[in-house]
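Visitor: Please show me the model. I would like to go through the terms one by one and hear what rule stands behind each.

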Amino acid sequence: MNRLRDLDIQFVKGIGPQRAELLTKELGIRNALELVQYYPRAYVDRSKTYAIADFAGEMPSVQVRGRFISFNTQGEGAKKRLIGLFSDGTAAMEVLWFKGIAGIQKAYQPGVEYYMYGKPSYFEAGRRWSMIHPEIDPAAKPGAGEGLHPVYPLTDRLRQRGISSRHIHSWITNTLERFPSLADPLPPMVINELKLPAIRDALITVHNPSDPEKLKKARERLKIEELLYIQVDMLRTARKNKSESSGAVFARVGHFFNRFYNECLPFTLTDAQKRVIREVREDMRSGHQMNRLVQGDVGSGKTLVALMCMLLAIDNGAQACLMAPTEILATQHYETLRSLAAKIGIDVRLLTGSTRKKERESIHAGLMDGSIQLLVGTHALVEDTVQFRNLGLAVIDEQHRFGVAQRARLWGKNNPAPHVLVMTATPIPRTLAMTVYGDLDVSVIDELPPGRKPVTTVLRYEDNRLQVLKGLGAQLRAGRQAYIVYPLIEENEKLDLKCLEEGYESIRETFPQYKVAFVHGKMKPETKDYQMGIFASGEAKILVATTVIEVGVNVPNASTMIIENAERFGLSQLHQLRGRVGRGSDQSYCILMSKRKIGRDTRKRLELMTQTTDGFVIAEADMQMRGPGDIEGTRQSGLAFNLRIANLAKDGLTIQLARKYAERILDDDPTLSAPYNRVFARTLALTIPRTVEWGKIS
Ligand code: ADP
Ligand code: MG
């Protein structure tokens, strides 16, 4: 395997220096290993053909069999194109080429029978189907019309430079022929128990599959290997952290916790909240540093859990801090925690980017002498100037907004490193959590406080607006508050801002009797805070805003959430936004306003929102629809390398299998130094280079 890595692709037969450069730039392929790991995106079943007369609607890529009737060129110079008229006897379609025209004219003749593979598109104007730059094989060629044919992902640039899926296939085949034996990185135990093909056989099969069964087995083998690197790496890190990083022992449940629990608890904890607090308590008295993730849907009451865990730390003579991603959120947490903690005599302070110098100095001093027990803030907390006397617990809210690096900087704030509790409202499907947060222990608050009614969600269009406003009016008259949210995305900022401002004006005209607050990301922090403030206090009944309110804002009296241009939001974002309402015991409403004409996937997304309020169902669907890379929370997760063949959304069972084997491999050989793990260990080191030891950063 690693000999492949040492071969530069420019020395692969047929590639050469120029194409090598292009392949590196376009596909990131630098060496022969990366080349043979460039897996097909799909396979065409060559024994199946489609009739052109049956083309309809949105078509996948298909194979057809037929003859060219004629060729014509149109346009001149850069605009020149070649059009072939192709018929399979059921109907005719056009085949278009924009590049390499001379070569194509030589290669294909009218009257000769060909197989053609490509994605048909329909041109309304010409009322005809067409394919652009399809793959073509003479029907008489040996092997044409049988077997599975690999299709490799390409970029436009590569196509323009005349590189086809077939080129890639032949380079890979040449490379594999050049290496008649490859050392297998998979530990023998895995291969034997799962009866997997050896590495070279698996590679040959995925690139030249003879039958679907064999292909499936080969792909499974490659997926397991890939996932095993991640799982072993994560598990090893987690075990190392556990065994090496000692943590302060917080054995006592003391005065603050007990007094709060017995006298000040504003409501009974849910069983899920209790369970998570217990789990944290176990961690914090284990002698090892805690690294725990708490997943809990919006409104599940994570803040209270955080406070009670912080009280445990304080009871044991340590300080605690809570870091939130935005100023608004930090301020809100500060206010919540201050009012709760005041009852038991704990001083809570707030540190953000806009904290005045004098206050900041007083905070710095108070942290150093230990008089401040609980600090809330933004990422201003991790700055080097902020030093604690004895930081025992750091809580990070909405963890996906922070990188792994910030988490690591918090670690460096104390010796021994503080216990770390990260909280997220983005529910991550289990298999994904296993991969992305493999180095964290996970707790789930899977229960909402009693009495919550699921938010009623409806999809409405522009022509329903009057009705929507009527419904809103009724809620306002009943004394409730409402959010109206607009999208604001960078590329179209001006237009979006205009839309938002017009929306604000028109709401003020519709409801002149109510005060309307207005917030967007481009405002000065003071203005924003003021506007948020008048809404939170109930002075303003309506808040017109962009997604700045997405995270965490808590106004239980708000019962209506209108999301404008809902078609422009992703599922997770819609779910987060909707979580702003339904926080009290009255019925709440979420109205998704959309254009009538939307794509199929968009409609599916919006309809799912109207059908469920379960964050896990939504996260799962989001992942299936968009792929795991886009799920909030995975982007900065530090997933160490791009998966080439496994799919986090679809290969759940394989992930679990890889996890199981990772555990066994490490149980049996914790340092991966046994001779039978040698190739695996070496490949792992090259696949996931550990340049940064997060735990060691301060
Ligand atoms: P999130 O998990 O989204 O951060 P919060 O901590 O903001 O949720 O809690 C949402 C709301 O639920 C708050 O108003 C909070 O006071 C309330 N809450 C939290 N725990 C309970 C409980 N056990 N019973 C009733 N209400 C609760
Ligand atoms: Mg919260």
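Visitor: How many nonpolar, polar and charged residues are in the shell around ligand 1?
Guide: The shell has 4 nonpolar, 8 polar and 4 charged residues. Ala, Val, Leu, Ile, Met, Phe, Trp, Tyr, Cys and Pro count as nonpolar, Asp, Glu, Lys and Arg as charged, and the others, Gly among them, as polar. The model is predicted, so local features need pLDDT of at least 70 and side-chain atom pairs pLDDT 80 or more, while totals for chains, interfaces and linings use all residues. Residues are numbered from 1 along each chain as its sequence is written, chains are lettered from A and ligands numbered from 1 in the order in which they are written, and side-chain values use heavy atoms, without hydrogens and water.

Visitor: Which of the residues around ligand 1 come nearest?
Guide: Of the 16 residues around ligand 1, Q273, G299, K302, T303 and R452 come nearest. A residue is near a molecule or strand if one of its heavy atoms lies within 4 Å of it.

Visitor: What makes the approach of G299 to ligand 1 a polar contact?
Guide: A polar contact is a pair of N or O atoms within 3.5 Å; within protein, one must be able to donate a hydrogen and the other to accept it, and residues adjacent in sequence count only if both atoms are side-chain atoms. A polar backbone atom of G299 is 2.6 Å from an oxygen atom of ligand 1, so the pair qualifies. The side chain of K302 has an N or O atom 2.7 Å from a ligand oxygen, and for R583 a polar side-chain atom lies 3.2 Å from one. The protein covers 84% of the 570 Å² of accessible area that ligand 1 has on its own. Such areas come from the Shrake-Rupley method with a 1.4 Å probe; for residues, only the protein chains shown count as cover.

Visitor: Why is the pair E279 and R292 called a salt bridge?
Guide: The rule asks for a side-chain nitrogen of Lys or Arg within 4 Å of a carboxyl oxygen of Asp or Glu. The closest N and O atoms of E279 and R292 are 3.9 Å apart, so the pair passes. E279 lies in helix α11 (residues 271–284) and R292 in strand β10 (residues 291–296), so the pair ties together parts that are 13 residues apart in sequence. Helices (H or I, at least four residues) and strands (E, at least two) are DSSP runs, numbered from the N terminus.

Visitor: Is R292 buried or exposed?
Guide: Buried means under 20% relative accessible area, exposed over 50%, partly exposed in between (1.4 Å probe, protein chains only). R292 has 9% and therefore counts as buried, whereas E279, at 26%, is partly exposed.

Visitor: How many salt bridges does the rule give?
Guide: The count comes to 30. Among them are E282 with R285, at 3.1 Å, and E462 with R465, at 2.7 Å. R465 has 24% relative accessible area and is thus partly exposed. Through shared partners, salt bridges join E135, D137, K141 and R166 into one network.

Visitor: What makes strand β15 mostly covered?
Guide: In β15 (residues 419–424), 6 of its 6 residues are buried. Both faces are covered, with H419, L421 and M423 on one side and V420, V422 and T424 on the other.

Visitor: How do you know that β10 and β15 pair?
Guide: Two strands pair if DSSP finds at least two bridges between them. R292 has L421 as its bridge partner in β15. Strand β14 (residues 391–397) also pairs with β15 in the parallel sense, over 5 bridges, and there L393 is partnered by H419.

Visitor: Why is helix α20 described as largely enclosed?
Guide: Helix α20 (residues 571–578) has 7 of its 8 residues buried, so the rest of the structure largely encloses it. L574 and R578 are among the buried ones.

Visitor: What makes the backbone at N415 and P416 worth a note?
Guide: Most residues other than glycine have a negative phi, and most peptide bonds are trans. The bond joining N415 and P416 is cis, with omega about 0°. P416 is in the loop between α15 (404–411) and β15. On phi, H133 has a positive value near 45° and sits in the loop between β7 (128–132) and β8 (135–138). N565, also not a glycine, has a positive phi of about 50°; its loop runs between β21 (558–563) and α20.
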